[in-house]
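Me: Could you take a close look at the aromatic rings here and walk me through what they do with their surroundings? I am new to reading structures, so please go step by step.

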Amino acid sequence: MESQPARSPLEEVERSGLGLGLVLWLFTLVGVLGALYARWAWTPASVTREGVPIQQLFDVILAILLVAFVLVHGLLGYFVIRYRTRGDRPAAYFPHHTGLELTYTLIPAVVLVALSVAGMSLWTRVHTPPPGDPFVVEVRAEQFSWSARYPGPDGRLGRVDNRVARPFNVDPQDPAGRDDITSSQIYLVVGRPNRILLRTRDVQHSFWVPAFRLKKDFVPGATTELWLTPTQTGEFDLACAELCGVGHYTMAGKVRVVTQEEFDRWMRQQAGR
Ligand SMILES: [Cu+2]
(Lines give C-alpha, C1' and ligand atoms only; values in the text may rest on other atoms or scores of the structure.)
Protein backbone atom coordinates (compact mmCIF):
# COMPACT_ATOMS: atom_id res chain seq x y z
CA MET A 1 0.00 0.00 0.00
CA GLU A 2 1.18 3.46 -0.89
CA SER A 3 0.88 6.27 1.65
CA GLN A 4 -0.76 9.62 0.68
CA PRO A 5 1.80 12.06 -0.72
CA ALA A 6 2.37 14.97 1.70
CA ARG A 7 0.90 18.32 0.58
CA SER A 8 3.35 21.07 -0.29
CA PRO A 9 3.32 24.29 1.82
CA LEU A 10 1.83 26.15 -1.17
CA GLU A 11 -1.11 23.73 -1.34
CA GLU A 12 -1.69 24.18 2.40
CA VAL A 13 -1.89 27.97 2.04
CA GLU A 14 -4.20 27.71 -0.94
CA ARG A 15 -6.58 25.41 0.94
CA SER A 16 -6.63 27.62 4.03
CA GLY A 17 -7.47 30.66 1.83
CA LEU A 18 -10.49 28.80 0.49
CA GLY A 19 -11.51 27.74 4.02
CA LEU A 20 -11.22 31.28 5.39
CA GLY A 21 -13.40 32.67 2.59
CA LEU A 22 -16.11 30.08 3.28
CA VAL A 23 -15.98 30.83 7.04
CA LEU A 24 -16.49 34.54 6.25
CA TRP A 25 -19.56 33.75 4.14
CA LEU A 26 -20.96 31.51 6.89
CA PHE A 27 -20.37 34.31 9.43
CA THR A 28 -22.22 36.74 7.12
CA LEU A 29 -25.19 34.39 6.78
CA VAL A 30 -25.42 33.74 10.55
CA GLY A 31 -25.19 37.50 11.23
CA VAL A 32 -28.02 38.34 8.83
CA LEU A 33 -30.30 35.54 10.05
CA GLY A 34 -29.57 36.44 13.69
CA ALA A 35 -30.44 40.11 13.15
CA LEU A 36 -33.68 39.28 11.30
CA TYR A 37 -34.66 36.71 13.95
CA ALA A 38 -34.07 39.21 16.78
CA ARG A 39 -36.09 41.85 14.94
CA TRP A 40 -39.15 39.66 14.31
CA ALA A 41 -39.13 37.14 17.15
CA TRP A 42 -37.80 39.11 20.13
CA THR A 43 -39.30 42.55 19.49
CA PRO A 44 -42.74 43.04 21.04
CA ALA A 45 -45.31 44.97 18.98
CA SER A 46 -45.26 48.72 19.53
CA VAL A 47 -48.20 49.90 21.67
CA THR A 48 -47.70 53.67 21.67
CA ARG A 49 -48.27 56.30 19.00
CA GLU A 50 -44.62 57.43 19.40
CA GLY A 51 -43.37 53.85 19.06
CA VAL A 52 -44.48 53.54 15.43
CA PRO A 53 -42.09 56.11 13.86
CA ILE A 54 -39.34 55.01 16.27
CA GLN A 55 -39.71 51.42 15.04
CA GLN A 56 -39.70 52.64 11.42
CA LEU A 57 -36.42 54.45 11.99
CA PHE A 58 -34.97 51.33 13.70
CA ASP A 59 -35.98 49.29 10.65
CA VAL A 60 -34.41 51.74 8.19
CA ILE A 61 -31.16 51.67 10.20
CA LEU A 62 -31.26 47.86 10.40
CA ALA A 63 -31.79 47.59 6.62
CA ILE A 64 -28.85 49.93 5.88
CA LEU A 65 -26.64 48.02 8.32
CA LEU A 66 -27.56 44.67 6.79
CA VAL A 67 -26.78 45.88 3.26
CA ALA A 68 -23.40 47.28 4.40
CA PHE A 69 -22.64 44.13 6.42
CA VAL A 70 -23.41 41.76 3.54
CA LEU A 71 -21.53 43.92 1.05
CA VAL A 72 -18.36 44.23 3.16
CA HIS A 73 -18.16 40.66 4.49
CA GLY A 74 -19.46 39.02 1.33
CA LEU A 75 -16.83 40.83 -0.75
CA LEU A 76 -14.14 40.10 1.83
CA GLY A 77 -14.91 36.38 1.59
CA TYR A 78 -15.02 36.58 -2.21
CA PHE A 79 -11.64 38.34 -2.43
CA VAL A 80 -10.04 35.90 0.02
CA ILE A 81 -11.14 33.01 -2.22
CA ARG A 82 -10.65 34.66 -5.61
CA TYR A 83 -7.18 36.06 -4.92
CA ARG A 84 -5.76 33.34 -2.68
CA THR A 85 -2.22 32.46 -3.60
CA ARG A 86 -1.60 29.96 -6.35
CA GLY A 87 2.11 30.58 -6.52
CA ASP A 88 1.84 31.91 -10.06
CA ARG A 89 2.40 35.63 -9.40
CA PRO A 90 3.48 38.08 -6.69
CA ALA A 91 0.80 39.96 -4.72
CA ALA A 92 -0.23 43.25 -6.31
CA TYR A 93 0.24 46.35 -4.18
CA PHE A 94 -1.30 49.75 -4.68
CA PRO A 95 -1.00 52.41 -1.98
CA HIS A 96 -3.64 54.86 -3.14
CA HIS A 97 -6.87 55.08 -5.12
CA THR A 98 -8.64 58.45 -4.96
CA GLY A 99 -11.93 57.29 -6.49
CA LEU A 100 -12.23 54.36 -4.08
CA GLU A 101 -11.38 56.48 -1.05
CA LEU A 102 -13.91 59.18 -1.99
CA THR A 103 -16.58 56.52 -2.48
CA TYR A 104 -16.14 54.85 0.89
CA THR A 105 -15.90 58.20 2.67
CA LEU A 106 -18.73 60.13 1.00
CA ILE A 107 -21.41 57.41 0.93
CA PRO A 108 -21.19 56.63 4.69
CA ALA A 109 -21.00 60.38 5.43
CA VAL A 110 -24.22 61.08 3.52
CA VAL A 111 -25.98 58.11 5.16
CA LEU A 112 -24.83 59.14 8.66
CA VAL A 113 -25.90 62.77 8.21
CA ALA A 114 -29.31 61.68 6.90
CA LEU A 115 -29.81 59.28 9.83
CA SER A 116 -28.71 61.94 12.35
CA VAL A 117 -31.19 64.47 10.94
CA ALA A 118 -33.99 61.87 10.96
CA GLY A 119 -33.09 60.84 14.53
CA MET A 120 -32.93 64.39 15.86
CA SER A 121 -36.23 65.46 14.32
CA LEU A 122 -37.92 62.32 15.69
CA TRP A 123 -36.39 62.93 19.13
CA THR A 124 -37.74 66.49 19.11
CA ARG A 125 -41.20 65.25 18.09
CA VAL A 126 -41.31 62.61 20.83
CA HIS A 127 -40.14 65.09 23.49
CA THR A 128 -42.62 67.81 22.55
CA PRO A 129 -45.74 67.64 24.77
CA PRO A 130 -48.65 66.53 22.57
CA PRO A 131 -51.82 68.64 22.53
CA GLY A 132 -54.67 67.70 24.82
CA ASP A 133 -55.21 67.23 28.51
CA PRO A 134 -52.58 64.75 29.73
CA PHE A 135 -52.94 61.96 32.24
CA VAL A 136 -50.24 62.60 34.86
CA VAL A 137 -48.43 60.00 36.95
CA GLU A 138 -45.21 60.09 38.89
CA VAL A 139 -43.14 56.91 38.76
CA ARG A 140 -40.68 56.45 41.53
CA ALA A 141 -37.68 54.13 41.35
CA GLU A 142 -35.62 52.92 44.27
CA GLN A 143 -33.21 50.07 44.95
CA PHE A 144 -34.90 47.74 43.89
CA SER A 145 -38.57 48.42 43.25
CA TRP A 146 -41.08 50.68 41.53
CA SER A 147 -43.99 52.71 42.84
CA ALA A 148 -46.29 55.44 41.57
CA ARG A 149 -48.12 58.56 42.74
CA TYR A 150 -51.36 59.80 41.19
CA PRO A 151 -53.04 63.17 41.66
CA GLY A 152 -56.26 62.97 43.65
CA PRO A 153 -59.61 64.60 42.75
CA ASP A 154 -57.94 68.03 42.46
CA GLY A 155 -55.98 66.72 39.46
CA ARG A 156 -52.70 68.08 40.81
CA LEU A 157 -49.70 66.30 42.32
CA GLY A 158 -48.44 67.76 45.57
CA ARG A 159 -45.16 69.61 45.44
CA VAL A 160 -42.10 67.57 46.36
CA ASP A 161 -39.06 68.62 48.30
CA ASN A 162 -36.23 66.13 48.67
CA ARG A 163 -35.47 67.49 52.15
CA VAL A 164 -38.88 66.38 53.40
CA ALA A 165 -38.54 62.99 55.09
CA ARG A 166 -41.97 61.65 54.13
CA PRO A 167 -43.03 59.01 51.60
CA PHE A 168 -42.38 60.40 48.12
CA ASN A 169 -41.00 63.58 49.79
CA VAL A 170 -44.38 65.29 49.43
CA ASP A 171 -44.33 68.72 51.04
CA PRO A 172 -47.00 68.75 53.81
CA GLN A 173 -47.46 72.51 53.31
CA ASP A 174 -48.93 71.96 49.85
CA PRO A 175 -52.69 71.22 50.00
CA ALA A 176 -52.53 69.70 46.48
CA GLY A 177 -50.57 66.78 47.95
CA ARG A 178 -53.12 65.74 50.58
CA ASP A 179 -55.29 63.72 48.21
CA ASP A 180 -52.43 62.14 46.21
CA ILE A 181 -52.68 58.36 45.91
CA THR A 182 -49.56 56.22 46.09
CA SER A 183 -49.35 52.60 45.02
CA SER A 184 -46.97 49.90 43.90
CA GLN A 185 -49.09 49.59 40.72
CA ILE A 186 -48.19 51.68 37.69
CA TYR A 187 -51.20 52.59 35.57
CA LEU A 188 -51.39 54.54 32.32
CA VAL A 189 -54.51 55.50 30.40
CA VAL A 190 -55.06 54.45 26.79
CA GLY A 191 -55.86 56.90 23.98
CA ARG A 192 -54.68 60.14 25.59
CA PRO A 193 -51.30 61.75 26.20
CA ASN A 194 -49.62 60.42 29.34
CA ARG A 195 -47.09 62.57 31.12
CA ILE A 196 -44.82 60.36 33.21
CA LEU A 197 -42.69 62.13 35.80
CA LEU A 198 -39.68 60.12 36.88
CA ARG A 199 -38.07 60.47 40.30
CA THR A 200 -35.55 58.31 42.09
CA ARG A 201 -35.11 57.86 45.80
CA ASP A 202 -31.45 56.90 45.59
CA VAL A 203 -29.25 56.23 42.56
CA GLN A 204 -29.75 56.37 38.80
CA HIS A 205 -32.30 54.01 37.31
CA SER A 206 -33.90 53.90 33.88
CA PHE A 207 -37.55 53.48 32.92
CA TRP A 208 -37.73 51.09 30.00
CA VAL A 209 -40.80 49.47 28.51
CA PRO A 210 -39.72 47.72 25.29
CA ALA A 211 -43.28 47.74 23.90
CA PHE A 212 -43.33 51.56 24.22
CA ARG A 213 -40.00 51.93 22.35
CA LEU A 214 -39.04 54.61 24.87
CA LYS A 215 -36.50 54.73 27.65
CA LYS A 216 -35.67 57.49 30.09
CA ASP A 217 -33.20 57.81 32.96
CA PHE A 218 -34.02 58.72 36.54
CA VAL A 219 -31.54 61.29 37.82
CA PRO A 220 -30.97 61.71 41.58
CA GLY A 221 -32.28 65.09 42.79
CA ALA A 222 -34.11 65.88 39.55
CA THR A 223 -37.43 65.07 37.92
CA THR A 224 -37.20 63.80 34.36
CA GLU A 225 -40.25 63.24 32.21
CA LEU A 226 -41.56 61.19 29.35
CA TRP A 227 -44.59 61.77 27.13
CA LEU A 228 -46.38 58.98 25.37
CA THR A 229 -49.80 58.03 24.02
CA PRO A 230 -50.67 54.35 24.55
CA THR A 231 -52.75 52.88 21.73
CA GLN A 232 -53.57 49.51 23.35
CA THR A 233 -54.65 48.32 26.76
CA GLY A 234 -52.74 45.52 28.46
CA GLU A 235 -49.90 44.66 30.78
CA PHE A 236 -46.41 45.46 29.56
CA ASP A 237 -42.98 44.54 30.89
CA LEU A 238 -41.05 47.27 32.66
CA ALA A 239 -37.34 46.86 33.33
CA CYS A 240 -34.72 49.04 34.94
CA ALA A 241 -32.18 49.73 32.19
CA GLU A 242 -29.45 51.30 34.30
CA LEU A 243 -27.16 49.11 36.40
CA CYS A 244 -28.20 50.34 39.86
CA GLY A 245 -26.77 47.89 42.39
CA VAL A 246 -26.64 44.21 43.33
CA GLY A 247 -30.41 43.80 42.97
CA HIS A 248 -30.65 45.53 39.57
CA TYR A 249 -31.69 42.30 37.88
CA THR A 250 -34.74 42.04 40.17
CA MET A 251 -36.05 45.47 39.10
CA ALA A 252 -38.63 44.10 36.72
CA GLY A 253 -42.21 45.29 36.90
CA LYS A 254 -45.40 45.79 34.94
CA VAL A 255 -47.07 48.84 33.48
CA ARG A 256 -50.83 48.46 33.12
CA VAL A 257 -52.49 50.43 30.36
CA VAL A 258 -56.22 50.68 31.08
CA THR A 259 -59.25 52.65 29.92
CA GLN A 260 -60.17 55.89 31.67
CA GLU A 261 -63.24 54.18 33.27
CA GLU A 262 -61.12 51.34 34.67
CA PHE A 263 -58.61 53.80 36.04
CA ASP A 264 -61.31 55.97 37.67
CA ARG A 265 -62.83 52.87 39.30
CA TRP A 266 -59.42 51.80 40.64
CA MET A 267 -58.79 55.32 41.98
CA ARG A 268 -62.12 55.32 43.85
CA GLN A 269 -61.18 51.98 45.45
CA GLN A 270 -57.78 53.34 46.48
CA ALA A 271 -59.26 56.54 47.91
CA GLY A 272 -61.82 54.54 49.90
CA ARG A 273 -59.25 52.27 51.54
CU1 LIG B 1 -32.67 50.28 38.92
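Reply: Happy to! In this predicted model, there are 14 aromatic pairs. Let's take the pair F263 and W266: their ring centres are 5.9 Å apart and their planes meet at 35°, so the pair counts as tilted. To see why, note that planes under 30 degrees apart would be called stacked and those over 60 edge-to-face, with the rest tilted. In general, a pair of aromatic rings is described by the distance of the centres and the angle of the planes.

Where do F263 and W266 sit? Both belong to helix α4, which covers residues 260-271, and they are three residues apart, about one turn of the helix. F263 and W266 are also both buried.

The charged end of R140 sits over the ring of F168, 5.2 Å from its centre. Likewise, K215 lies over the face of W208, at 4.7 Å from the ring centre.

Now for the strands. An open sheet of five strands runs in the order β4-β10-β9-β6-β7, with mixed pairing. At its edges stand β4 (186-189) and β7 (214-218); each has a single partner strand, so one side of each is left without a neighbour in the sheet. On average, neighbouring strands of this sheet are turned by 30° against each other, direction ignored.

Inside the sheet, β6 (residues 205-209) and β9 (residues 234-240) pair in the antiparallel sense over two bridges.

Terms used
Residues are numbered from 1 along each chain as its sequence is written. This is a predicted model: local features need pLDDT of at least 70, side-chain atom pairs count only at pLDDT 80 or more; totals for chains, interfaces and linings use all residues. Side-chain values use heavy atoms; hydrogens and water are left out. Rings of Phe, Tyr and Trp (its six-membered ring) pair if their centres lie within 6.5 Å; planes under 30 degrees apart count as stacked, over 60 as edge-to-face and the rest as tilted. Helices (H or I, at least four residues) and strands (E, at least two) are DSSP runs, numbered from the N terminus. Buried means under 20% relative accessible area, exposed over 50%, partly exposed in between (1.4 Å probe, protein chains only). A charge sits over a ring if NZ of Lys or CZ of Arg is within 6 Å of the ring centre and within 35 degrees of the ring normal. Two strands pair if DSSP finds at least two bridges between them. Axes are lines fitted to C-alpha atoms, for helices over the stretch in contact, and angles run from 0 to 180 degrees between N-to-C directions.
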